[in-house]
Amino acid sequence: MAAAEAKPESMAVSSQISTATPTTTTKSSKKLTLIPLIFIIYFAVAGGPSGAEPAVKAAGPLLTILGFLIFPFIWCITEALVTAELSTAFPGNGGFVIWADQAFGPFWGSLMGTLKFFSVVANIAAFPVMCMDYLDKLFSVFSSGLPRKLALLGFTLLCSFLNFTGLVIVGYTAVVVGVISLFPFLLMSLISVPKIHPLRWVSLGNKGMNRDWNLYFNTLFWNLNFWDSVSTLAGEVENPQKTFPQALFCAVILTCFAYLVPILTTIGAVSVDESEWVSGFFANAAAMVSGKWLQIMVEISVVLSSIGLFEAQLSSCVYQLVGMADLGFLPQFFAVRSKWFDTPWVGILLATVITVAASFMDFTDIVASANFLYSLGMLLEFAAFLWLRRKLPALRRPYRVPMRLPGLIILCLVPSGFLILIMAIATKIVFLFCGMVTVFGIGLYFLMKFCQKNRWFKFSHGTQYCEQPMTTYS
């Protein structure tokens with residue numbers, strides 16, 4: 001009898017999911033297809049091996065190799081599976097905000113949105129800095145002072161304008177940039193093969209080496225997280241129920257390949273002290289392996305990768321704001337789209353301003369802050385994933401992780417432990433900044449309720465993804 005009753009509920013939920021559309025979109029726009037989505041996911045997560053170098057400095061060659069071998073299994077695959085199931089079940093802009101809202105209600109959906117938005121914006125701010133770290137090896141004028149600040153500002157504004165031109169353009173730009181930026185690292189790896197000494201792979205570092213576990217784990221996490229960030233683009237994807245699982249599967253393979261091959265070949269071919277493995281070292285390694293010409297190619301590829309990383313993550317946080325406006329968590333003007341390119345220009349402008357301000361912070365603090373906020377959001381996301389399995393067992397899930405609830409709990413426990421570790425080793429500055437963001441997120445929810453009650457701004461009544469109306473403040 002219970003099964004007979006569940007069937008109509010599932011059909012009702014499925015029907016409402018398929019017909020839910022943002023209230024602010026006035027015209028149909030081109031949708032993302034499989035190949036562009038794969039590269040957007042790739043750039044949202046990795047974008048190439050640059051940025052992984054500090055792990056060797058922090059813990060030595062062997063632990064770095066093991067980290068990039070093991071971490072994808074305990075973190076990347078779990079996060080990708082959760083993203084695939086929930087993105088296909090709730091295929092609308094907002095992603096994880098929708099999941100938390102449907103699981104626990106509007107307060108938690110709004111707080112999730114704040115945590116993830118600031119984690120992504122902080123993460124975006126790291127990419128112009130990383131780009132300058134490579135460029136100053138070619139042009140020393142960018143190493144410090146006013147030229148560096150102007151270059152950071154120019155990079156941010158140009159990339160933001162590219163995002164303004166449309167998500168489809170961003171997607172195909174990601175494909176071109178991805179192929180071009182991977183080529184120098186592939187070439188360097190091939191040239192390095194005859195020079196590899198396998199014993200270097202098992203080195204624990206110099207005797208008396210002081211391991212920096214904070215830097216090591218933050219580097220691993222920063223280079224291999226944000227798999228769920230593309231969930232906020234689900235409403236912009238063609239046939240998301242089919243496309244998302246395929247794109248995530250391909251992106252996991254591409255990402256692992258893009259890290260492991262250059263790390264293994266460079267460690268094996270280049271004999272240097274671990275202290276030289278700082279951000280930008282792959283360019284120096286290219287010069288040692290084959291000369292100045294390869295170094296220049298690597299530096300150019302990192303600049304291109306930085307563009308791809310910036311575009312993918314800016315798109316994610318901008319369409320997250322669109323989803324929050326559609327759900328009624330933010331005023332409707334956050335979902336207003338440009339008449340020229342059908343892009344949400346208010347979100348792009350807001351994210352750009354915050355990114356410009358954050359890009360002048362210390363690189364290590366940027367990464368640690370992004371990781372801490374992301375960890376808080378991911379703990380809430382795992383909880384929402386498990387609770388939705390219990391709360392809505394009959395919900396139509398075009399892709400379903402092939403496990404029952406006890407297995408899913410075990411699946412989420414190991415990465416949850418890692419998230420807690422990332423937060424536990426954070427510095428006082430990071431604790432303070434992330435605490436302020438969390439308090440701001442709580443205050444923002446009640447401020448928006450107050451604004452809606454007094455009709456200071458126009459709010460959406462909420463896009464319905466479930467039978468129960470859970471997305472309004474009334």
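Select helix α10 (residues 240-269) together with helix α11 (residues 281-290): their axes come within 11 Å of each other and cross at roughly 55°, where an axis is a line fitted to C-alpha atoms, for helices over the stretch in contact, and an angle runs from 0 to 180 degrees between N-to-C directions. The helices named on this tour are DSSP runs of H or I with at least four residues, numbered from the N terminus. α10 and α11 are therefore oblique to each other, given that angles under 35 degrees count as roughly parallel, over 145 as roughly antiparallel, 65 to 115 as roughly perpendicular and the rest as oblique. Their crossing is left-handed, a term used if the near helix is turned anticlockwise from the far one by less than a right angle, with right-handed used if clockwise.

This is a predicted model, in which local features need pLDDT of at least 70 and side-chain atom pairs count only at pLDDT 80 or more, while totals for chains, interfaces and linings use all residues. Residues are numbered from 1 along each chain as its sequence is written, and side-chain values use heavy atoms, with hydrogens and water left out.

Now show the side chains where these two helices meet: Pro262, Ile263 and Thr266 of α10 are in contact with Phe281, Phe282 and Ala285 of α11, contact being heavy atoms within 4.5 Å. By class, this contact has five nonpolar residues, one polar residue and no charged ones, where Ala, Val, Leu, Ile, Met, Phe, Trp, Tyr, Cys and Pro count as nonpolar, Asp, Glu, Lys and Arg as charged, and the others, Gly among them, as polar.

Phe226 has a positive phi of about 70° although it is not a glycine, and with a relative accessible area of 1% it is buried, which means under 20% relative accessible area, whereas exposed means over 50% and partly exposed lies in between (1.4 Å probe, protein chains only).

Next, select helix α7 (residues 145-164) and helix α12 (residues 292-327), which pack at an angle of about 55° with their axes 10 Å apart. α7 and α12 are therefore oblique to each other, and their crossing is right-handed. On the α7 side the contact is made by Phe155, Thr156, Cys159, Ser160, Leu162 and Asn163, and on the α12 side by Val303, Ser306, Ile307, Phe310, Glu311, Leu314 and Ser315. Sorted by class, the residues of this contact are seven nonpolar, five polar and one charged.

Stay with α7 and colour its buried residues, which are Arg148, Ala151, Leu152, Phe155, Thr156, Cys159, Ser160, Asn163 and Phe164. These buried residues pack against α6 (106-138), α8 (167-192), α12 and α13 (345-358). As background for reading such a pattern, an α-helix has 3.6 residues a turn, so residues three or four places apart point the same way. Just after α7, Gly166 takes a positive phi of about 130°.

α5 is mostly covered, with eight of its nine residues buried, and Trp99 and Ala100 are among them. Just after α5, select Gly105, where phi is positive at about 110°.

From α12, follow the chain to Pro344, which is placed in the loop between α12 and α13. At 1% relative accessibility Pro344 counts as buried, and, not counting residues up to four places away in sequence, it touches Val318, Tyr319, Val322, Phe334, Val336 and Arg337.

Move on to Phe382, whose place is in helix α14 (residues 363-391). Phe382 counts as buried at 2% relative accessibility, and, leaving aside its neighbours within four places in sequence, it is in contact with Trp75, Thr78, Val82, Cys412, Pro415, Ser416 and Leu419.

The tour ends at Arg455, in the segment after α16 (428-453). Is Arg455 buried or exposed? At 75% relative accessibility, Arg455 counts as exposed, and it has a positive phi of about 55° although it is not a glycine.
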